[in-house]
Amino acid sequence: KNSAKAMEKELVTCSLQEREKTAIDRSQIFQIPPRKDLESKVIVLLGKAGMGKSILIQKICQDWANGEFSQFEFVFWFDWKQISLPEKQYSLKELLFEFFVKPQEGSKEIFEYILQNPAKVLLVFDGFKGLHDHENFSRCSASRPEKDLCSIKELLSGLIQKKILNGCTLLFTARPKDKLYQCMSKVDKTIEIVGFSPQQRELYITKYFEESPYCDSALKLIKECEYLFSHCYSPVMCRFVCFLCETVLEMGEKSLPSTLTEVFLKFFQQKIMLMQTDVTTTQNQESLAILARIAWCLGEKHQSAMKSDLLPFKEVKEFALKYGFFLPFALPRHSDSEEEEFGSTFSDFAIQNFLCALHLLLAEELKDKNLTKYLSFLSKKKKPYNWLDLMPRFLAGLMFLQDDPYFCSLSNEDAKQSTKKQKTLLKYIRRLQINTLCPERLLELLRCVYETQNNYLLQHVALRLEPDLSFLGIVLTPPDVHVLHSILKRSRKEFSLDLRSSGIGVEGLQALVSLRNVTSFRASLSDTVRLWKSLEQTKDYELLKASTEKFVLDPFKAKTMKDISDLSDLVEMQEKMMNCVQGASDCTHYEIPAIRNLRKLEFALGPACGLQGLLKLVKILAAFPSLQHLDLDALSENGIGDEGAKSLSEVFPTLTSLETLNLSQNKITDLGAENLATALPSLSSLKTLSLYNNNICDFGAENLAKVLPAMTSLRVLDVQYNKITGVGAQQLTDSLRKCPHIKNLVMWNPTIPYGVLEHLHQLDSRISV
């Protein structure tokens, strides 16, 4: 179980790194490096809810129908929420032919052909929610897949484990944090959809209103409401905002709602409350309350679909279908004589989330104090409602909109109840120790408080934020950036932000960095360099200079070749910026403070890229005048070898501030030690040198012994776990007598007899046994 969680975490992390690296075309989705085996291929397409995963799948199917992806003769597309109803069972043949499309004739022959040619089959599972039942893996039989009935989880586990249709291609779409469990170890390729860029948002909105009389004013109106425009990075949210904008313009209004809660409140009101009598208003309120309860019951189980005959009232079903809150679908039949069954699914994840919040607010059995437990930032345990991630925001927003005329038209709750719930939330947040919240919970708090648009709450949170705010590894979407920006702006404190691995875009980074009370920030080097290049192009030299002075790099750890390339780009950027900054100020020379002040650099690329990365790194080391600690020791061992040691030694004369050099576990032999020894005296500030666990023998020890007296700043030398014998140990000891400045020589080696080392220690107590 723990290893499965670790694999899931690794996938999410990798997806963020890959997102920074490259974008791919649709035609590249199924490109996987060739393998010797003919086993099934598993591809995972990640994306937050509403990001357009299903639309992309539809486009892939359309492209295939038009002759692309010719490697597949059969493509089967399944909506997970429809096929995963717990009470349903299928055989593989039923899943393919009854749920998707049934051949008019020859179904037996076609199915046999599929079984014999699995490599020509693509199975798409859209909205995959994971395999929670590990025990069911072993119960799935592959002997008669055309006849055996089993649950979709059992059937899918057989496909993933390659017991059924081995050799086919499986494409899953899922949310980044959905549980993929055991199939994670079998994933061949991971892709993530990241939503619209600001330019793509504008294009979508323009296309939406292309033939509308409001074409010119719509885009302007939406962009004026920055928060809603930021939400348009999500295709689904963009559609909602466009629909609402169209409604607002038709009614002659001149402004949009300021929060997402108001958008959906108005959306529901426009859908069901226009042109109706008092009688239908009451009926709709009752139907909406029941529908909200259904949304909550399904949401707690991470479901959005159910069999239609399980709906409690026919009127509720008709209500949901009439206004587009539900979409119907047909369930497969085991035989032609079996009566056809239908299911219903919520038409959109955001609609279900909003209805869940509405239920929590209207449910009579829920007391006011119990409402706060559904706001996930208040939970110290694992986030309980991750699947309903918009629900807490809607709940907080609705608590402060209960006197809104739109809300009153959806419910019959009186004003006293709404005021009481507001006071409950205010009291709870006042008592909350904001400085103890982890970054994810803090971000959720900011989102919820922003949805209330309550000035007291916004100011209360802003004044209690810690000066050092880290969102390291937390994905910051455009709306998150807007919320963070607006709350930071309210505070009188000065802030230091850590935005590394947050996926923040250039626009968001610029917005946060431009705040006067953000005095320092850390972000990925590639994002930072892109920001500076953008400011250079727009000739915003003032912000360019300010942002370079706020940027922090120390300490820096290089884990990939991309990190080294980004560091090189940063150094190159400094050279380009000199002219820009000089043109905007009187200074004749300019250094990026982050480069000038870098003191510790860790290098952990591993054996595959260690040498290649180091050869690239040494070309720019001279650009860091304050570098004090260079650490080339990694758990995975960089293995720079003698070539790396020689290359590094050539730049020693430029590293005038270096105090600690760690070359442990790098496969350095006598040849590398000789090259190092020649150049080591030029490291005029070096205090600690570690050559732990290399392959240095007596010849290497002899060369080191020769230069020790010239290394007047050296205090600690570590050469343990090499291949030095008593001969080399004696040479080092003899040299140590001429080096009163050295405080400690760590020299234990398995090749030095213990008695010899003990004797040397008695001669000089600075030698560690």
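Proline 555 is placed in the loop between helix H24 (541–550) and strand E12 (556–558); helices (H or I, at least four residues) and strands (E, at least two) are DSSP runs, numbered from the N terminus. The peptide bond that leads from aspartate 554 to proline 555 is cis, and its omega is near -5°. Most peptide bonds are trans, and most residues other than glycine have a negative phi.

The model is predicted: local features need pLDDT of at least 70, side-chain atom pairs count only at pLDDT 80 or more, and totals for chains, interfaces and linings use all residues. Residues are numbered from 1 along each chain as its sequence is written, and side-chain values use heavy atoms, with hydrogens and water left out.

Phenylalanine 69 counts as buried because its relative accessibility is 9%; buried means under 20% relative accessible area, exposed over 50%, and partly exposed in between (1.4 Å probe, protein chains only). At 27% relative accessibility, glutamate 637 counts as partly exposed.

For the protein chain as a whole, the secondary structure comprises 32 helices and 19 strands. Of the 769 residues in the protein chain, 53% are buried. Among contacts (heavy atoms within 4.5 Å) with a separation of 6 or more, 76% are between residues 24 or more positions apart.
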